[in-house]
Amino acid sequence: MKSLGSIRRSFTPWNDPAAKPYIAFENVTKRFGDFTAVNNLSLTVFEREFFALLGASGCGKSTLLRMLAGFDEPTAGRILLDGQDLRGIPPYRRPVNMMFQSYALFPHMTVEANIAFGLKQEGMPKAEIGTRVAEMLRLVKLEQFAKRKPHQLSGGQRQRVALARSVAKRPKVLLLDEPLGALDKKLREETQFELMDLQQSLGLTFIVVTHDQEEAMTMADRIAILDKGEVMQVATPAEVYEAPSSRFVAGFVGNVNMFEGTVASRDDSGARIASSNGLTIMTKNAGAASAGSPVVFAIRPEKIKVSSRKPANDDVNVAEGEIYDIAYLGDMTVYHVKLADGHVVKTSSLNASRISDDPLSWNDRAWISFSPDAGVVLAK
Ligand code: ATP
C-alpha cells in the first residue's frame, strides 16, 4: 500500500497520445433476439490498468466481460487485444481469465487442489504446479489453509482462493464480475485494498464489473459508466465525481443537488445563472453553456455550507431556508434545507470536532452558500 499512491499518480497512459490501448472495444453491439444489450460501444483499456465498469443492473456490464473472455461473440464490431482481433478465438486460447461472483470453487477439493486445477488441465508438470500453487497461496496469504476444503473457510478466504485460482495461470487480463459481492461491508473494504495490491504486484490488467460506485471509486484508475448498453462517461474517479459529463452521471455517482436554470450572462470567467427557485448562481465551471440557454447546475452536498448566520456577501450563491431534516452519521451530518419555493437542498458537513460551534436543529432558519468553483454546469 505504501507505494500505491505515488505509482498510480504517474499512471495515466490515457493522456498520452502515443500510448497504445491494450484492449479496444470498437463499435461493439450485442443483440439477444431483438433486444440490444450493448449498443455500438467503444472503449479502450490500457495495460496494467485497473478499469471498472459501473452501471445499474442490466446495463450490459457482464455481457461486455463475457465477450472479452470469449463466452459470447459481438453481433457487430470488433474487440482487439494487443492489436489482435479476438473474433473466433476460443476462451481458453485468450490471455484472459474471468472470476465469477459465485467463485465456483470445487467443494470436494482442498484449497491447493482448487488452485492447481487449471494448471493440471493445462498439462503443467507436477513440480512446477507445486511451486506455482505455493506462490499463489503466499500471494493471497492462505498458506496455512492449503489443506482445507472451501466449507471450512470464511467468505473472505473463499474469495481469496478464487482469486488465487484465477491468477494461477498468469493471465494477462483478469475479469472480475462483482468480485466482492458476497462479502460484508467491512471485509469488502479491506479486500478492495488487497485486490489493488495484488493487481499492482502481478502487473496485470484488471477489469472489474460492479454496481457499487464507492467500490469503483476506491479501486479503479478509470471508470466507465454504462447505461442501457452505452458508455456515458469514461474518466478517473475524481473526474467522474467533480466533472460529470451529464445529469445521468452526476446523479449516478454520489449525491448531488441539481438546480434548473437559464444562463443570464456568460464570459471567460464563468456564467451567471438564474435558477428556477430564485437563486442567483455564479459559477466558474460553465462548460460550453451560452447566454440564454437552459442548463442544470449540479453541486455536491459537501460543497454547500449551511449556517445559522447570514453570509456577508449574499447576492449570489446564497439562499435562505429552513432545516427540514438532519441525519447524524458519525463522521458527518447531513442537513436537508428547504428553500422558500419548497426545493430541498442536500448539504453535508464533516464533524471534525466533537462539538459544533453552530448547532442547527429542525425548523431552524438557515442559509446555504457555496463558492463559484463548487459546482458544474451540465448541458445534457
Ligand atoms: P447485472 O448487474 O444485473 O449483472 P449487467 O449490467 O451485468 O447486469 P448483463 O448481464 O450484461 O447486465 O445483461 C444486459 C442485458 O442483456 C439484460 O437486460 C439481460 O437481461 C440481457 N441478456 C443478457 N444475456 C442474455 C441472453 N443470453 N439472452 C437474452 N438476454 C440476455
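**Figure 1. A backbone N or O atom of Gly 58 sits 2.7 Å from an oxygen atom of the ligand.** What you're looking at is a predicted model, so local features need pLDDT of at least 70 and side-chain atom pairs count only at pLDDT 80 or more, while totals for chains, interfaces and linings use all residues. Residues are numbered from 1 along each chain as its sequence is written, and side-chain values use heavy atoms, with hydrogens and water left out.

**Figure 2. Here is the whole shell around the ligand: Phe 32, Phe 35, Ala 37, Ala 56, Ser 57, Gly 58, Cys 59, Gly 60, Lys 61, Ser 62 and Thr 63.** Helices (H or I, at least four residues) and strands (E, at least two) are DSSP runs, numbered from the N terminus. The shell splits into five nonpolar, five polar and one charged residues. For the record, Ala, Val, Leu, Ile, Met, Phe, Trp, Tyr, Cys and Pro count as nonpolar, Asp, Glu, Lys and Arg as charged, and the others, Gly among them, as polar.

**Figure 3. E2 also belongs to an open sheet of four strands, in the order E2-E1-E4-E5 with antiparallel pairing.** E2 and strand E5 (84-85) stand at the edges with a single partner strand each, so one side of each has no neighbour in the sheet. Two bridges link E5 to strand E4 (residues 76-81), and the two run antiparallel; strands pair if DSSP finds at least two bridges between them. Zoom in and you'll find Leu 81 with Gln 84 of E5 as its bridge partner.

**Figure 4. The largest cavity has a volume of about 50 Å³.** A search of the whole structure turns up one cavity of 30 Å³ or more. On a 1 Å grid over the protein atoms alone, a cavity is a set of points where a 1.4 Å probe fits but can't get out, whereas a pocket is an open set with protein on both sides within 12 Å along at least five of seven lines; lining residues have an atom within 4 Å of a point. Grid points are joined across faces, edges and corners, and a volume is the space filled by probe spheres set on the points. Met 67, Glu 73, Pro 74, Gly 77, Arg 78, Ile 79, Asp 85, Leu 86, Arg 87 and Arg 94 line the largest cavity. E4 gives the largest share of that lining, three residues. By class, the cavity lining has four nonpolar, one polar and five charged residues.

**Figure 5. The largest pocket holds about 740 Å³ of space.** Its lining runs to 26 residues, with Asn 97, Met 98, Gly 118, Gln 121 and Lys 169 closest to the centre.

Figure 6. Strands E15 (305-307), E16 (318-328), E17 (332-339) and E18 (344-350) are the elements that give two or more residues to the lining. By class, that makes 10 nonpolar, eight polar and five charged residues.

**Figure 7. Strand E11 (residues 257-267) and strand E12 (residues 270-275) pair antiparallel over six bridges.** A hairpin takes E11 into E12 through two residues, and Arg 266 stands opposite Ala 271 in E12. Further along, four bridges tie E12 to strand E13 (residues 280-283), again antiparallel, with Arg 272 opposite Met 282 in E13. The hairpin of E12 and E13 has four residues between the strands, and Gly 278 takes a positive phi near 90° there.

Conventions. Near = heavy atom within 4 Å. Polar contact = N/O pair within 3.5 Å; in protein donor to acceptor, adjacent residues only side chain to side chain.
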